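Subject: Structure handover

Hello,

I am passing on the structure shown here. My notes on it follow.

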Amino acid sequence: MTSTPSDRGFPADGLHPDCPDLSKLGPNRAEALLRAHAARVEYDAEQRDKKWSKGFTRRRLLAGAGWAGVAAFGSQLVTTRVAYGEPSADAKTVVIVFLRGGMDGMSVLVPGADPYLKELRPNILVPESALLPMARGFGLHPALAPLHDLWKSGKFSAVPALSTPDVSRSHFQAQDCLERGGAATTSITTGWLDRVLAELGPGTTFRAIAESSTLPRALVGGEGAISLRGIESFALTGVDTMHEQTAKALRTLYTGFEHPLATQAASTLGALATAGEINDQEYEPAAEYPDNEFSRGLSDIARLIKSNAGLRVACVDIGGWDMHTGLGTIDNGDMLRMLTVLGSSLAAFAKDLGSALDRTTLVAMTEFGRRLEENASGGLDHGHGSVALLMGGGLKGGSIAGTWDGLAPEVRDHGDVPGSNDVRNLLGELVSKRLGITTAGLSKIFPDHAYKPLGALA
Amino acid sequence: VYEDHQSLRGHYPDDVDEPSEKPVGRRKLIASLMGGGLGAAALGAAVFMDESVSGQATAGAARELPEGPGEHVPAGPPPSSGAPAKREPAGAPVRPKDAGAFDDRDVSYVRGEGKPAKQPPKLPGGGTSGETESEIRVPAVPDSAEQAVDTADLDGTATSVRSVMGESASLLDWSPVAHLLRRFSFGPTPEMVDEVRRSGMTRWFLRQLTPHRVDDAEADRVWRAYPSADMSIAQIRAAYKAGDQTAMREYSQAVLGRQLWSNRQVFEVVVDLFANHLNMSMPSERSWDSGNSYHNDVIRKHALGTFREMLQDAMRHPAMLRYLSNDLSHKDSVNENLGRELLELHTIGVNGGYTETDVRNSAYILTGRTVDKNGEFYFDPKRHWTGEVKVLDFADANDNAENGLDVGDRYLDYLATHPATATMVARKLAVRFVSDDPAPSLVDRLAKTYLATGTSVVAMLAVLVCSPEFWVAVGTKTRRPLENVTAAVRTLGVKPGGDPAKGVVRIYDTLAKVGHRPLNWQPPNGYPDVAGAWASAGSMLQIWNLHRTLVRGTWPDLVHVAPDKLHGDGVPASADAYIDTLCARLLHQRFTAAHHGALREFLGDHAGSGADALTMAGHLAALVLDSPYFALR
C-alpha cells in the first residue's frame with residue numbers, strides 16, 4: 001500500500017474549509033488528499049485581502065474574528081472545575097517571593113575570596129571582612145543579618161548561579177519564562193503555579209493567593225487563584241442588608257454562558273464566605289513588621305497560614321532590584337536599602353509565623369542576575385545567573401546546594417555568572433518535597449524538562 | 001493602607017536620585033571572547049585598554065588596537081577576566097527568537113506557540129444564519145491617509161457583515177453603534193450613542209479623527225483645573241522643587257479627566273494606546289520636570305500623526321532619555337537600557353531578529369542623547385561613541401561624533417519603517433480595538449497600510465474600522481479595570497463638579513486598588529492589553545464595590561444622577577419594564593431571560609410594581625454594571 005498523505009503529516013481534517021468535496025478531486029482518497037493539499041498551498045499563497053473579499057460565511061467570519069484568543073484563555077478556565085475541599089491543619093504552604101528587576105546575586109550571597117570579583121567591582125564589592133559566613137566560601141551581605149540567625153538554626157539558605165533557560169537578558173522575557181515555568185520554547189499559556197494547583201487537585205477557595213492587585217503570571221490559568229491586597233479588603237461593600245441577595249444575583253448573572261469571566265465570578269463569590277469568617281476573627285500579628293508594602297503582603301500571608309484556611313501557594317512581589325546605577329556599598333546605596341527592607345521583612349514574617357514556619361517554605365527569586373563588572377554609574381547592567389533565597393521548614397540546614405564553579409573566565413556565561421543551576425530543578429524540588437507533587441506531575445508543570453533535584457531541601 | 005504599592009514594584013527604569021556622572025573604572029579590561037575557531041587561544045589573549053577606543057568585537061582575529069587616551073597596562077590578576085568593552089556573546093549570536101520567545105508579553109496569554117487556534121467558546125445569543133456565501137468589501141491597502149479616510153465606509157461594512165453574520169456570536173447584541181463606541185471610547189454615553197445614530201458611524205468617526213473640530217469645553221474646564229498640565233519643562237522647573245512629582249500626578253489626573261469627559265474619545269483612546277506603547281511612567285522621580293511635556297509634545301502631538309515622528313521625538317525627549325537611563329550613557333560606559341527597549345518594545349520586537357550585538361550597537365548609536373542642566377534635550381558629541389555601527393541592515397561609519405545625532409535619526413527612521421515595526425504597531429492596534437488574538441489577515445492589512453502611508457496612524461484606524469474582522473468581533477474583548485471604571489462613570493452620567501480636581505482625584509486614587517491608574521505602569525512595556533493578564537477574583541470584587549460607590553454618588557465634587565432618575569422621570573409601568581429600561585439605559589441592550597430573572601428575584605417583595613422596584617434603583621443599577629454584559633467590551 002502506498003503511503004497516504006496523512007501518513008506524511010497531512011491530516012485529512014486539515015483540509016481548507018473551502019475545499020470542495022474530496023471525491024471531485026481525485027480518483028481515490030489518497031490522491032484527492034494530495035491534490036487537496038496542493039490546492040491548499042496555492043490558496044494560502046493568495047493575498048489575504050483577496051481571500052476576504054468574497055465567499056464569506058458566518059463560520060469564516062467568526063474564525064477571523066479573534067474568538068480564538070478568548071477561547072484559548074477561556075478553555076483553560078472552563079475545562080477546570082473549581083472545586084473546593086476541606087483545609088487540613090498540617091498542610092504545607094509554599095511562598096514565592098519575586099524580586100522583580102533582576103537582583104544581583106553577587107551582592108547577596110558573596111563568594112568572598114573570589115579574586116575576579118574584586119577586580120571587576122572596585123567600588124561596589126561587599127568586602128570579605130563584612131560578610132556573614134555561611135558555607136562553601138559564601139558569605140551573606142551584612143544587611144541580611146536577621147536572616148543569618150535563621151541560617152544558624154537551619155531555617156535559611158540560598159542557591160547560587162541559578163537561572164531560567166531564557167537567554168534574552170530582557171526583564172520581560174526572563175520574568176515571563178520564569179513565571180510560565182518553561183523553556184522559552186514551551187507553548188504553555190498558564191503559569192507554573194497554576195499547573196501546581198492543577199496537580200494538587202481540589203483545595204479550599206483560599207488555596208492560592210497573590211498579594212497584588214492583579215494575578216502574577218505564575219498563577220494565571222484555570223485554577224482560580226485569588227489576588228488581593230489584604231484579606232480585610234476582600235468583602236462586598238455597599239450592599240447594605242442585601243448581601244445574600246446580591247451574591248445570589250451575581251451568581252446567576254455569571255451563569256448560563258461559557259467565558260473566563262464566569263469562572264472568575266465563581267471564584268470571587270466562593271471566596272467571599274471564607275474571607276468573611278477570617279475577617280470576623282480578632283487578629284494581631286505576632287511580630288512587628290517594618291512599614292512597607294512587601295511586609296503588608298507577608299503579614300497577610302502569615303495570617304492566612306495561621307488561620308488554617310488551606311493556603312498552599314502564596315505569591316508576593318518586591319521590586320526595586322534593577323540597579324543600573326548607584327548600587328552602593330555596605331554603608332549606603334540602593335542595595336543596602338533594598339536588602340534592609342528584604343531582610344527585616346522576611347525576619348518579621350518568620351517570627352510572626354512562629355511554629356507555623358516549619359510548615360511554610362519561602363523561596364525568593366529573581367528573573368536574572370547582573371553583570372559581574374560594575375558600570376560607570378556605579379551599577380550593574382543585565383547579566384545571567386542569580387541567587388535564590390530559601391527560608392522556613394524542610395531545608396537542608398547549614399548547607400548551600402547547587403553547582404558553583406567559581407567565576408573564572410571559562411566558567412562565565414558571556415562574561416557573567418553562569419546559570420549552572422536550572423531554576424526549575426529548585427522549584428520542582430520545592431513543590432515535590434513540600435506539596436507532594438509527583439514526578440509525573442512535575443513533567444506537566446515543567447514540560448520538556450528533565451527534573452534533577454538540587455538537594456536544597458531535606 | 002496600600003497607597004504606596006507601586007513604590008516597591010517594577011522599578012526597571014533607574015528611578016533614583018540624580019546620579020553621579022563621573023565615570024568610574026575608566027580603564028576597562030577587554031578580553032577577546034571569540035567564538036568558533038579561535039577558542040581557548042583567543043580566550044587567553046586579553047589586553048587592557050580604554051573602553052572608549054575599543055573596536056568592533058566581531059568574531060575573528062584579535063583586532064589591532066588603536067592607541068587611545070588610556071595607556072595599555074599589563075594584565076594583573078585575574079589574567080583574562082571576561083568583561084569586554086564590546087560584548088560579543090561567545091559562539092553563534094543568540095536571538096531570543098531562536099529560543100522560541102513569544103512575540104510579546106500579550107501574545108503569551110492567548111496563544112501557545114505553534115498551537116492551532118481553538119474553537120470559539122459557546123455563548124448564548126448565537127443564532128445561526130445559513131452558510132450561504134456573501135460578498136463583503138475589504139479595504140484595499142491605501143496609498144495615503146487621505147485615501148484611507150476618503151474611502152472609509154463604516155456603515156456599509158457593518159451592514160454587509162451583518163448580512164452574513166445574522167445574530168451576534170456574543171453575549172452582547174449585534175449593535176454596530178454600541179460596538180464602535182465600546183471599542184473607540186472610554187465607555188458609551190447615552191448622548192454619544194444618540195449622536196452616532198443621528199450622524200451615521202462613518203461621519204462620526206471621521207470627525208473624531210480631526211479632534212480639533214470637536215468641541216470639548218467641559219473636558220477643557222477639567223484640564224484647566226490642573227495648571228501644571230500644560231507646563232513646559234522650564235515652567236515646571238520654575239514652579240516646583242527639584243524632584244517634586246506633583247506635576248506628574250496632576251497630569252495623570254488631568255488625563256483621566258479627559259478620558260472621562262472628553263468628546264474627543266477616539267483621540268483619547270489612541271493617545272492611551274501610544275502612551276503605553278512608548279511608556280514613560282507617571283509619576284517617576286527622574287523625569288519629574290519633563291513627564292508632562294513628554295505626554296503632550298510626543299504622545300498627544302503625534303497620536304493621530306505618524307509613528308515615525310512620534311518615535312523620533314520620543315528618542316530626543318528628556319523624559320524618555322531619563323526614564324531609560326540614556327542620559328547617563330557615555331562612550332566610556334554605555335548604558336544599554338534604552339538601546340535594548342527601543343528594539344524589543346518600541347519597534348521591531350523581541351522576535352525582530354536582533355542579537356545582543358545589535359543591542360550593543362543600538363546603545364552606541366544613542367550615546368550623546370542626554371539632558372542639559374536646564375532639563376532640556378541636548379546632544380553631546382563628547383559622549384557619543386564613534387566607530388562603525390551596525391544593527392540588522394542599518395550600518396553607518398559613524399566616524400564623526402558631531403554627526404552622531406544624524407546617525408541616530410537615520411537609525412530611528414530605519415527602525416520606524418521596518419516591516420517588523422509595522423507588524424508590531426499594527427498588532428497593538430488590532431489587540432486594542434479588535435481582539436486579544438487578532439486575525440493575521442487584519443494585522444497584515446494594517447501593517448501594509450502603515451508601510452504604504454508613511455506610518456500613518458489615521459490610515460491604520462480608517463482601514464481597521466472598515467475591516468470585517470472589526471465588526472465581527474463584538475464582545476471579544478474584556479474591559480480592563482480602568483476601562484470598566486471610566487465606562488461606569490460615563491454611562492451613569494457622573495459629571496465634574498465645581499472643583500473638578502477634587503472629584504477626579506477620588507477616582508484616580510481608587511484605581512490604585514485595581515492596579516490600573518492611567519500612565520502609571522512602571523516598566524517600559526505598558527499595561528497589558530489582554531483579558532488574561534487582568535483576570536483576578538480580587539480585582540473583580542473591587543470593581544463590583546466601585547460600581548456601588550459610583551452609583552451611590554457619595555464622592556464630593558462629582559455631579560451624580562440619582563439612581564432612581566437613571567431611567568428618566570416618572571414611574572415605570574412594572575418591575576419587569578423597569579429592569580428592561582435600566583438595562584437599555586446603562587448597556588444599550590437587554591439581558592437574557594435568565595439574567596432578567598436574576599434581577600427580578602433580587603427584587604423579591606419589591607417586584608410587585610414599578611414604583612416598588614424603583615426603591616431598589618441603586619442596587620439594580622449596580623448589578624447591571626456588575627453583569628458580564630458590562631464587563632465585556
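**Helix α26 of chain B and its partners**

Helix α26(B) crosses α27(B) in a right-handed manner (a crossing is right-handed if the near helix is turned clockwise from the far one by less than a right angle, and left-handed if anticlockwise). This is a predicted model, in which local features need pLDDT of at least 70 and side-chain atom pairs count only at pLDDT 80 or more, while totals for chains, interfaces and linings use all residues. Residues are numbered from 1 along each chain as its sequence is written, chains are lettered from A and ligands numbered from 1 in the order in which they are written, and side-chain values use heavy atoms, with hydrogens and water left out. Helices (H or I, at least four residues) and strands (E, at least two) are DSSP runs, numbered from the N terminus.

The axes of α26(B) and α27(B) come within 10 Å and cross at roughly 125°. Axes here are lines fitted to C-alpha atoms, for helices over the stretch in contact, and angles run from 0 to 180 degrees between N-to-C directions. The angle makes α26(B) oblique to α27(B) (under 35 degrees counts as roughly parallel, over 145 as roughly antiparallel, 65 to 115 as roughly perpendicular and the rest as oblique). On the α26(B) side, B:Ala575, B:Asp576, B:Ile579 and B:Asp580 meet B:His596, B:Leu599, B:Arg600 and B:Leu603 of α27(B); contact means heavy atoms within 4.5 Å. By class, this contact of α26(B) with α27(B) has 4 nonpolar, 1 polar and 3 charged residues (Ala, Val, Leu, Ile, Met, Phe, Trp, Tyr, Cys and Pro count as nonpolar, Asp, Glu, Lys and Arg as charged, and the others, Gly among them, as polar).

Helix α26 (residues 575-587) of chain B also packs with helix α29 (residues 617-626) of chain B, where the axes come within 10 Å and cross at roughly 50°. That angle makes α26(B) oblique to α29(B), and the crossing is right-handed. From α26(B), the contact takes B:Tyr578, B:Ile579, B:Leu582, B:Cys583, B:Leu586 and B:Leu587, and from α29(B), B:Ala617, B:Leu620, B:Ala621, B:Val624 and B:Leu625. The contact of α26(B) with α29(B) holds 11 nonpolar residues, no polar ones and no charged ones.

In the loop between α26 and α27 (593-603) of chain B lies B:His588. Phi of B:His588 is near 65°, a positive value in a residue other than glycine.

**Another helix pair in chain B**

Helix α10 (residues 246-261) and helix α22 (residues 481-491), both of chain B, have axes 9 Å apart and pack at an angle of about 55°. This makes α10(B) oblique to α22(B), and their crossing is right-handed. B:Leu256, B:Gln259, B:Leu260 and B:Trp261 of α10(B) make the contact with B:Leu482, B:Thr486, B:Val489 and B:Arg490 of α22(B). The residues of the contact of α10(B) with α22(B) divide into 5 nonpolar, 2 polar and 1 charged.

**Backbone points in chain B**

Most residues other than glycine have a negative phi, and most peptide bonds are trans. B:Leu392, in the loop between β5 (389-391) and β6 (394-396) of chain B, has a positive phi, near 50°. B:Leu392 counts as buried at 15% relative accessibility (buried means under 20% relative accessible area, exposed over 50%, partly exposed in between, with a 1.4 Å probe and protein chains only). The peptide bond from B:Met282 to B:Pro283 is cis, with omega near -10°. B:Pro283 sits in the loop between α11 (265-277) and α12 (291-302) of chain B.

**Two residues of chain A**

A:Met242 lies in the loop between β7 (226-228) and α9 (243-253) of chain A. With 11% relative accessibility, A:Met242 is buried. Apart from neighbours within four places in sequence, A:Met242 is in contact with B:Phe602, B:Met616 and B:His619.

A:Ser345 belongs to helix α12 (residues 334-353) of chain A and is buried, with a relative accessible area of 0%. Leaving aside neighbours within four places in sequence, A:Ser345 contacts A:Tyr289, A:Pro290, A:Asn292, A:Phe294, A:Ser295 and A:Leu298.

**Chain totals**

Chain A has 14 helices and 11 strands, and 64% of its 458 residues are buried. Chain B has 30 helices and 8 strands, and 65% of its 633 residues count as buried.

Regards
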